[in-house]
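Let's take a walk through this one, starting with its aromatic rings and ending in its nonpolar cores. Have the viewer open as you read.

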Amino acid sequence: MNAYLGRRTFLAIVAATGLAGPVSADGHQVLDSIHFLIPGGAGGGWDGTARGTGEALTRSGLVGTASYENKSGGGGGKAIGYLIENAESNHDTLMVNSTPIVIRSLTGVFPHNFRDLTLVAGTIGDYAAIVVGNDSPINSMADLVSTFDADPRETAIGGGSVPGGMDHLVASMVMEAAGKDALAIKYVPYDAGGNAMAALLSGEIAALSTGFSEAVDLANAGEVKIIGVTSDKRIDAAPDAMTMKEQGINMSFVNWRSFFGAPDLPEDKVTEYQEVLAKMYDTPEWEEVRARNGWVNIHNSGDDFRAFLENQEQIIGDLMKKLGFL
């Protein structure tokens, strides 16, 4: 059964069994509210995903109101710990997370992993990008590699994640694919993408490893240059940004972003969240948010979501061992 028919069948079953909540005049299910817990600071990929999802849900009428709470710290572990420790009072809360929840549990940054939470649904993928300041003499990945070759220790690449985290891993994958020693990279971590971008613009670092959606608005405003994207083909939101493969660097990567609930979240609440997120994909409000950010729709829930995460855990674990992070 294809994904579209599977989702339609699921929604029909939900409606027939009376699990759906109140509906609007046009047939949309309506949730009164959703509270989004964001494990990082403002301006990062988690922040953008939660706020973009909330925007689409509320503007489309699928959700009455959306609220947001940034709880950064511990590489995302502070928010996860909070959700677990206050499970009973967080039934109205969805926490956004992504590939780092796998990476940081593998490396022991925090003691929890995705199995300690309620798996709600995967929603999008966001490609990674390497960017430089608009006034930087670096204009391509070839320029960055040449600068690195001339002085590796002074060619710092920053990111909005901890050492060994998502941005660090992407930078390492890119440089290794370019024929360089991934372990020789000078990586500078910042708390969330907004702080990392500020460091790039102030000249603290030579380049930044970040999510494409975090870079595209600043690139379109002329503040940064995207010198490489980890997609297989160019992205409409920034058509002038070259892929790594176009520049002779044979690699691609997409960072998924998903939503999780507190442990032991009641099944009827899980169903409500899954249904409202599934309906979101068919709204023009979501397409506007998705296109604006250059996201890829990656929707899965239930057993499919769990299988996806377990597969990612295996792939990422093998890659991190290869790069020397485990």
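Are Phe260 and Phe305 buried or exposed? Phe260 is buried, and Phe305 is too, where buried means under 20% relative accessible area, exposed over 50% and partly exposed in between, with a 1.4 Å probe and protein chains only. Before going on, some housekeeping: this is a predicted model, in which local features need pLDDT of at least 70 and side-chain atom pairs count only at pLDDT 80 or more, while totals for chains, interfaces and linings use all residues. Residues are numbered from 1 along each chain as its sequence is written, and side-chain values use heavy atoms, leaving out hydrogens and water.

Back to the rings. Rings of Phe, Tyr and Trp (its six-membered ring) pair if their centres lie within 6.5 Å; planes under 30 degrees apart are stacked, over 60 edge-to-face, and the rest tilted. That rule gives six aromatic pairs. Phe260 and Phe305 make a tilted one, because their centres are 5.6 Å apart and their planes sit at 45°. Phe260 belongs to strand E9 (residues 254–261) and Phe305 to helix H11 (residues 302–323), so the pair ties together parts 45 residues apart in sequence. Helices (H or I, at least four residues) and strands (E, at least two) are DSSP runs numbered from the N terminus. Tyr281 and Trp286 pair edge-to-face, with 5.8 Å from centre to centre and 65° between the planes; both are buried. Phe36, Tyr68 and Phe259 form one aromatic cluster.

Now for the nonpolar cores, which are sets of buried Ala, Val, Leu, Ile, Met, Phe, Trp, Tyr and Cys residues joined through side-chain atoms within 4.5 Å. The largest has 44 residues, and Phe260 is among those with the most contacts inside it, as are Met95 and Leu169. Helix H6 gives the largest share of this core, seven residues. Not counting residues up to four places away in sequence, Phe260 touches residues including Leu83, Met95, Phe114, Phe305 and Leu309, with contact meaning heavy atoms within 4.5 Å. Another core, of 26 residues, lies apart from the largest one and has Phe36, Trp46, Ala56 and Leu94 among its members.

Two more stops. His168 lies in helix H6 (residues 166–177) and counts as buried because its relative accessible area is 10%. Leaving aside neighbours within four places in sequence, His168 contacts Ser161, Val162, Pro163, Tyr187 and Phe325. Val270 sits in helix H9 (residues 267–280), and it is buried because its relative accessibility is 5%.
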